[in-house]
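Begin with one chain and then go on to its contact with a neighbour.

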Amino acid sequence: MKRFYFEKEKLSSEEFYVPLHKRASLRDVVSIGFGLFVVTYLVIFFLISITNSFIKDPMKVDIQHMFMPPSIEHIFGTDFLGRDIFSRIVKGTEAFFLPGILSIAISTTFGLLFGVISGYYSKTISSIIFYFLNIIDSIPRFILILIVIVIFNPSIYLIMLFVGVTSIPKVSSYIKSKVDTLKKQRFIEACRALGLSERSIIFKHIIWISSRSVLIIRATLGMGEAILIETSLSYLGIGVQEPIPSWGNMVAMGKDFFFQGKIWLSTIPALFILITIMGLYLLGDGLNSIFNERVSR
Amino acid sequence: MKKRFLMLFLLITFMMVSVGLYPQQNGGTLIYGEYGSPIRLVPILANDSISIRLIELIYGSLVYYDHDGNVKGDLAEKWNVSKNMKTITFYLRKGVRWHPLPGEKEGRPFIADDVIKTFNIMMNPNTLTSIQSRYNFIDSVEKIDDYKIQFKLRKPILNVLGRFSFKILPSFMLKGYDYLRGDENLLIYKHPVGTGPYMFVSQEGPNAEIILKANENYHLGRPHIDKIIMKPFADQNIITQTLLYGGINMEIRVPPRDIAEVQGDMRFELAPYSTLSFSFFGYNLRNPVLAIRNVRLAISYAINRKEMLDSFFEGKGQIISGPFPPGSWAYNLDVKPLPYSPEEANRLLDSAGFTERTRDGIRKRGSYKLEFDMLVPISKENETTKRVILAFQSYLRAVGIKINIKWLEWKAWTQTVFVDHKFDIIYADWLFDDSFDISSLFHSKEIGPGKNNFGAYRNPEVDALLDEAQTTLDMEKRKTIYKRLHKILAYDVPYTYLWTLTNYAAYNRKIRHVIIHPTRFFTYIKDWYIQ
Amino acid sequence: MLRILRLLVKEVFYTVLLILGVTALLSFLFRLMPGTISFEKNWLNEYLKLLQRLFTFNFGVSPVSGLNINQVVFPAFKNTFILTFGAILISVIISVPIGIFSAYRSFRGISWPLTMFSYIVSSIPVFFLGYLVIYLFTRYSNFIPIYSATLENKRQLLAYILPILVLGLGNDSVSEFVRIISDELSRVMSMDYVVASKARGESVIRSSIVEGILIPLVTIIFSRIPFLIGGAIIVEYVFNWPGMGRLAFQSTLNRDLPVLVVIAFLSVLFVRGGMIIKDIILGFIIPQEM
């Protein structure tokens, strides 16, 4: 088996340092490379989208030119109202980008908080915290989202906030197990013995050094989940609504025309969802592998 | 030898005659597909077309129109209109039985009490329906005996008999109820019972199939088809496909783009029918900006109806200029539909004073912006509705008007539009009955929660004309009145009138003698048969 | 045996406590709903009433939609259960061979394309996969029908195939299973005692199967139940399958919170029940010394 030892390596168009915890295999390299490629285009699309530059107007209706297949002028063709699909794809990243970031921000922050508290302090406190977290964890996430939708009629940001909350239990348990491991290794005792302040122990050693890998991986996977949820909700019609583009509602509207042979309306956004989510998950897996973690979804 | 030939000849003739006399066979199952599910299977309360079609199968009425336009008796055997035309006596058919309740073998007999009860519930102001306005001409109804009732009218009405085609409910299932709002815990909501050609058998859940079976004792003759199944589809695209591979044998409304495919398939028949309905954008005149006629007129000029009709509906329909289906006697052919002219729209908006623009390019005048909330019901959501609405939004954006689209679920939409009146514009259609009585839409006394004049349109001249049209007995006069109404209602633009669509039903050729009623679809079902 | 029993008691106790907590949360959310008429001024009373209703499985009638909840929810639950069970079966059947193959040959790196393929199919958003499947199967043949209540029994059985297939293959289950199996198996296989065993020529299959496959498999199957319920919502919508997921979605459109609360309750029972069963099974499988 070939193993690659990374220090600085060019992969596709990226140049990056892979943190060395384990030698990366070819598999990991490709996973991470692909994942980073996905992250790159996501960021690029998002930036283009919010600055409204370089792309055609995603809302411009042009009935005379409906259903045009992909061409030079319209890279992905036009949809059922003559709108340019490529610009709608780019605009569609806005539907999940910031909300997704909100979701992972919440899950990592609070997950870290609860994980550290329960790991650091007594068993009772830990049990109580995990009791409440398990309550949240027991209800299937989608059903909780539906309930939230009925009660609050929320914007996509509020929905993602809840999605973030539902991810807290998992993150907490990973962090807690990290802290436990450190405890077992008497690491914390050793630090105290060395005279390090509590604050430094927590922040530097526990959070930064030990936990950061878990957090990064969870953030990556969390973003993938957020995208999947947003697109699913928009597909069902209860997420982002027309005329605002979302990859999910583009698939939904496009499917009606599948039978007429106009498959690109539905397939192109679906492909984007597929590639994006897969990329993020692969990135997570690759990082999992090289950091020697076992963070799952 | 000759004798034998004669015998053979007679035999063959007899066989041919008997085959000729009874071409229809009994038996078979009609499975038809609808896009969506019925909302309520009870007459008076139901106002969506899917429910109306099922109600047509299950329930009966005093009289009905046959397909030549003649009034025929259903639950009424004969009738008598008094000389002054203010009293109508109906002699009810004896021996008619309601469908049996679940668990019972035989149904109860149909008697006058059923008609009285139905009428009283229908006219009770607390009942959640808007059809009362159609029957306001009736002053009272009286039971003479079990099979004789008498209606007294406030004034004589033209073609009055045809008005008595409302469906009759069983009084014994509504004991103690004087009005209905739809949320009562009544058996009839879950298991409808009528006197019609088909009996309700089952429906597993609110969005499940509905199974009906032939009423063996139907007083107008047992229908030929044994069983009818209504299949609701959540996805419009699958219906045609299901028809083609045989999962259903009739499709009520073939989406325009599938028509070519079905037309080419020899196994199926395409039957066009006009549903006497029209689509429109309706305005809430309570909004001070929309109250300005030029604004509404500008919107009408700003949209390209021909383009939408051609592109979204394959051109299968006609643009209208007023609230009547073209080709009907009420339509005024002299009133032409407005052409597509964004220039004219811009000019009108300028003249209304909306010359300033916001940063986004939306017109405004002082603190008033040309920004409106458009409410759309989700259950009406199909691809063409969405396309029309999005196109509408886009056309208006081009002249500086902003439309915010709000998708609401059906019940919430009806509540918000018809009761709370919290909207600016809606996109909807009205389905007509044969009398084209539009007073419930535009008369000023029909303004109020639950009533059909949701936009609060008020015009005393229109009121007067509507009143006159309701009471006049002269058909020619009526036509004149309606033509004038058409002109005024086109000028006032309480709605932007869009089009009326030609619908196509598709069915397997094995189903014969199919005649489709333009509004109720299944009125002539008992003559259909399956080979 | 006693050990398992003790474990079971602890589990059940914790689960009941958890369910109490969940119902408290649900009843609190219920109260938040604008427009709900609060029958009790005191939240505690309302909560106890809700608890009584839920635990006696007598859910009553929903004031929003007029549905008799019991009548509607139980058949739906049964249908979703069938769907979930079938999907798990399919996921396992497909992912175990791929996982083994991937772990076993990982030293040669060939299996990777196979894993990638399973990843791709898994990651296709399940709503698109479902629609694609429907399109292919209705366009080109009518052999496998889409679900409907009046199909004759034989055909109806066939109608079960597609949604189960889609939920089993899509929804990310297969990629997750493959990954876990492959990781665990390769980890186990490289462990000293297994290598030693192999060197001695003994069969490695038994111990490696138990450790490498069964344990992670059982664990992950039951942990995936919440995700499967979530995925079922979409699959049931696409295939018009009369299950709890579709019911949940319709209730959302109807703003019918009571039904959703009941569905949430049943889901929690399903999830937690699965956890208990998982622990029982693991209790039997895991060799004593662990």
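Chain C holds 12 helices and 0 strands, where helices (H or I, at least four residues) and strands (E, at least two) are DSSP runs numbered from the N terminus. The order from the N terminus is α-α-α-α-α-α-α-α-α-α-α-α. This is a predicted model, in which local features need pLDDT of at least 70, side-chain atom pairs count only at pLDDT 80 or more, and totals for chains, interfaces and linings use all residues. Residues are numbered from 1 along each chain as its sequence is written, chains are lettered from A in the order in which they are written, and side-chain values use heavy atoms, with hydrogens and water left out.

Of the 290 residues in chain C, 51% are buried, that is, under 20% relative accessible area (1.4 Å probe, protein chains only). Contacts (heavy atoms within 4.5 Å) between residues of chain C at least 6 apart in sequence join residues at least 24 apart in 71% of cases.

Chain C also touches chain A: 57 residues of chain C are in contact with 44 residues of chain A. The buried area, meaning the accessible area (1.4 Å probe) that two parts lose on being put together, summed over both, is about 4,800 Å² here, and carbon and sulfur atoms give 74% of it.

The interface of chain A and chain C has 1 salt bridge, a side-chain nitrogen of Lys or Arg within 4 Å of a carboxyl oxygen of Asp or Glu. D285(A) and R179(C) form a salt bridge through their side chains, at 3.5 Å from N to O. On the side of chain A that touches chain C, α9(A) gives the most, with 10 residues.

How values were computed. Buried < 20%, exposed > 50% of the residue type's maximum accessible area, 1.4 Å probe, protein only.
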